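Hi everyone, thanks for coming along.

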Amino acid sequence: MAKHHVTTTINGDPAEFLCETQQTLLDCLRDELGLTGSKEGCASGDCGACSVMLDGRLVCACLVLGVEAEGATIETIEGVAQGDELHPLQKHFLEDAALQCGVCTPGFIVAAKALLEHNPDPTETEARYWLAGNLCRCTGYDKIIKAVMNAAAEMRGA
Amino acid sequence: MAKVVLPLEVARAFADGETDHAVEARDVRALVRALEERFPGIAERLSRGTAVAVDGEIYQDWFLEEVRPDSEVRFLPAIEGG
Amino acid sequence: MGNEEDIGKIIDYSGREFQYIGKRTIRPDGVDKVTGRANFGADFTVNGMIHGRVVRSPHAHAKIKKINVDKALKLDGVKAVITGKDFPEIDINDKAVGEVVVSYYDMAHNIIARDKVYYDGHAVAAVAATTPDIAEKAAKLIEVEYDVLKPVMTAAQAMKKNAPVLHKHIHTAGVEPAPEKPSNVASRTEFKLGDPAAGFADADVIVEREFSTQTVHQGYIEPHACCASISADGNTNIWCSSQGQFMVRAYTAKICGMETSKVKVIPAEIGGGFGGKTVVYLEPLAVMLAKKAGRPVKMVMTRDEVLRATGPTSGGTARARIGAKKDGTIVAGELELVYEAGAYPGSPVALGCMTGFAPYDIKNVSCVGWDVLVNRPKAAAYRAPGAPVAAFGVECTLDVLAEELGMCPLELRMKNAAVEGTQAPYGVKFNRIGYKETLEAAKAHPHWSAPLGPNQGRGIASGFWFNIGGTSSAEVMVNEDGTVIVATGNPDIGGSRASMALMAAEVLGIDVARIKPLVADTESVPFSMLTGGSRVTFATGKAVIEAAQDAVNDLKRRAAKIWDVDVDQVEWENGQAVCIESTQHKPLSIAAIAAKADKTGGAISGRANINATGAGPGFGTHICDVEVDPETGYVTVLRYTAIQDVGKAIHPSYVEGQLQGGAVQGIGWALNEEYVYSEDGRLLNTGFLDYRMPVASDLPMIDTVVVEVPNPGHPYGVRGVGETPIVPPLAAVANAVSHAIGKRVTDLPLSPPRLLAVIDGK
């Protein structure tokens, strides 16, 4: 069975890949494009470790088919930093020790970035509910929420 | 004479249920040999999944730990972790 | 400082000002983790690799009659198929010597079944093919004929008189005389102090309750994954995430019948372990497939495989009985634990017995534990294995006792608190400990006296974990520019690399930014025991400190050569060699000495291979406020404070993180997590939607109080930190809920339907 040829834009760059019908966008990012920053935690859209932006919407890449990337604009964790300039969220995750094992971190950063683009001044509750789709088993979420709130404050102030 | 305390199950299987014993030995290896002479088979049983506490200090991989004449030597289950 | 005679000596730094210890530095592996560059187990690709998939039993208990792999082998793209028959036979009595009950026989059979399957998800075959899709299709073409047997799904079922027996060769151990008939009760264990019968006879008040918990999983977000490559000469490389690359090497070599030196394990970053990755599941399968296929094989578990087929921790029951005088002095304690081991023996029930009453000075204690086989996956370690359920029983019963005595539950604990010299339930006397200090911190905390509203309740509970030492190795290598590499053999599961760098910096006296800590593979650093037991900052830290001291000695010898003086004229201060005669010889920086390394004898380094003893126990006290909706049974955690004696916080942020993470796992265990099985033993909640772990919107901030009562067994006073935090929460939450609804809850999880049944008196 012939593969599908998909042409898309990832982190601002044109990209193309071949995929089988059943391969998810997550499979394609990781296995066809070598972008392993997005992680598979569950393949059922419950853990958020594969969070990416698809045409400006926060989605779980495991719930999107690879073929749906055709003509779309995709942003992954690999595109968050600008060269060696870290995004304030990334800086605060480091300064505020908002990661322990780090496997959920890419998903959280993409999701938190989407939050702050949508709402630059979230309350703690708003941040918690926005990020309820991202599972973390190591931190108990405390330092993650603090890092997001601190990054938001810095981005508003800067 | 050092005081040796065996786990209850081991005491029941080898020493008629008596957990406390007096043994003269200069290190844990010699102590276990002395116990083996009294209770044949106990050395193999103690070498499986057992830690030893000598005067309160727990050793998971015990062998040549010094035993003093007034030491208390306790055999315990080895402690794993998660 | 840094002198030859200091190596191995216990130096008491308590009260001393540290230069680097205690600083909140940016962790060295952090940038890669926030940018997605860090490689976890599933992120590796090897040229020419193919993909493996496992075929798993859909039955909880069955004999394997026949496995037909012909159709699978015929599928285009399939390169190899394996079953249990491809693995060498292991003697039934083969156990890892000197370790906790690690039966190689059980482990090998758990990884891939031989003639019987023991749980839904038990691996029976595996296939490797050129694409994941073909491997998936091939897996479906493997035909397995089962003779389905009746499963036993709970300890109660397993212990019934005519219950189906899982293993005919298992007779209850720890019972004299040894029983003739095989049993699902693998063992009985008992600990006793004093004379419990006399103690209870002397009590003014006796309370007794029985509690139950369900099977819960460690819940790491990263599924198991590995990539194995084997050359024609048998040299094997395995890339995988695990809690111990040396453990992976040892177990994989054993199960595959290979020599240790033929297997090299390269550790990936690990996405959570909590004890669940202290064993292997995929690696031996990947190696055998790679061997048969002649190609490297990558294997990654799906989430449902993780839940069905990797070790959860034991569910079980805890019966606690406590006797006290009217003034609150506890005179006797009794604990009986029944833990579900899963398909093979080895629940942590003995550890539960040893830890349940550990925070208290009780002269008469009896703890009995039963290890029971059921048709569930083989239990694996989960953060303070055995302790949370035992503490659940004891700490809730203490709450009942406090009510009965009309006494504050905190005062009750204060009155009976274990201190230095107290004999633990397992007989050993405690060295210097900080339990009382956690109670004092709880009492002084504003949380303890904050007002509560309607339908709200507050619970307090304490907990204990031994923390262990163990074999650790470290190499400290000085580069030609004076920067330093610190190599150890322990995977970093919580930020330990940052702590290794801080400890090396403290010894060397140089900026921590000039130190690069790394986790080495099995061929680049001597053997190290796995990461677990809250041992790494303590034991591997000790090795790093000694290795750094060894490097300092080498640096001093080189300085002596440069100055042409005797080495006893050289001291090490603030990262520099200083000559006692200081007018002629100006201090030499580490960079200056390193620049002359070739001239003074070659590369400069230090090493330490130790088996660390002197681990210090960690005690914690947690306070939890909840609000219960009486109409839905829904529990909201309003406020949570975790207080723990950590000895010395090397990196305070990561110490706090351990307290918060462990507390939240405990909250999930108390409120929502459980394995749900069908009557015929199939796991029904095989994903994160229905295996409901806490999410950000479930929780408030988790406040922490880090108490520091230095451990005399570590140069900087370090105690293990990671496991104690999961021990108090089950009871802290349950006690809070009990107070909120005015009825005692005894069965976890306190999910809405269950709690509503209690509220409505059903």
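**Who touches whom**

Let's begin with the chains: 2 pairs of chains are in contact, and of these, chains A and C share the most contacts. By contact I mean heavy atoms within 4.5 Å. Chain A and chain B have no contact joining them, and their closest C-alpha atoms lie 13 Å apart.

Some housekeeping before we go on. This is a predicted model, where local features need pLDDT of at least 70 and side-chain atom pairs count only at pLDDT 80 or more, while totals for chains, interfaces and linings use all residues. Residues are numbered from 1 along each chain as its sequence is written, chains are lettered from A and ligands numbered from 1 in the order in which they are written, and side-chain values use heavy atoms, with hydrogens and water left out.

**Chain C as a whole**

Chain C has 20 helices and 26 strands. Those are DSSP runs, numbered from the N terminus: H or I of at least four residues for helices, E of at least two for strands. The radius of gyration of chain C is 27 Å, close to the 27 Å that the globule rule gives for 762 residues, so chain C is as compact as a globular protein of that length. In case the term is new, this radius is taken over C-alpha atoms, and the globule rule is 2.2 Å times the number of residues to the power 0.38. Taken along the principal axes, the C-alpha atoms of chain C fill a box of roughly 85 × 75 × 55 Å.

**Where chain C meets chain B**

How many residues does the contact take from each of these chains? It takes 38 from chain C and 23 from chain B.

The size of an interface is often given as the accessible area lost when the parts come together. Here chain C and chain B bury about 2400 Å² between them, with 60% of it on carbon and sulfur atoms. Buried area is the accessible area (1.4 Å probe) that two parts lose on being put together, summed over both.

Across this interface of chain C and chain B, the rule finds 1 salt bridge. The term stands for a side-chain nitrogen of Lys or Arg within 4 Å of a carboxyl oxygen of Asp or Glu. You can look for a salt bridge between the side chains of B:Arg12 and C:Glu190, at 3.0 Å, N to O. There are also 6 residue pairs in polar contact across the interface of chain C and chain B, both residues at pLDDT 80 or more. A polar contact is a pair of N or O atoms within 3.5 Å; within protein, one must be able to donate a hydrogen and the other to accept it, and residues adjacent in sequence count only if both atoms are side-chain atoms.

On the side of chain C that touches chain B, β7 (185–193) and α10 (349–355) of chain C each supply at least two residues. β7(C) gives the most, with 5 residues. Sorted by class, that side of chain C has 16 nonpolar, 13 polar and 9 charged residues. The sorting counts Ala, Val, Leu, Ile, Met, Phe, Trp, Tyr, Cys and Pro as nonpolar, Asp, Glu, Lys and Arg as charged, and the others, Gly among them, as polar.

**Two domains inside chain C**

The domain assignment of chain C gives domain 1 (4–37 + 469–612) and domain 2 (431–464 + 616–762). Such bounds come from an automatic or database domain assignment. The C-alpha centres of these two domains of chain C lie 37 Å apart, and 25 residues of domain 1 are in contact with 21 residues of domain 2.

Between them, domain 1 and domain 2 of chain C bury about 2000 Å², of which carbon and sulfur atoms give 61%. Which residues of domain 1 of chain C lose the most area to domain 2? They are C:Arg24, C:Ser534 and C:Phe538, together 27% of what that side buries.

C:Arg24 comes up again in a salt bridge, where its side chain meets that of C:Glu656 (2.9 Å, N to O).

**Two domains inside chain A**

Last stop: chain A is divided into domain 1 (4–78) and domain 2 (88–157). Their C-alpha centres lie 22 Å apart, and the two domains of chain A bury about 960 Å² between them. A salt bridge joins the side chains of A:Glu75 and A:Lys113, at 3.8 Å, N to O.
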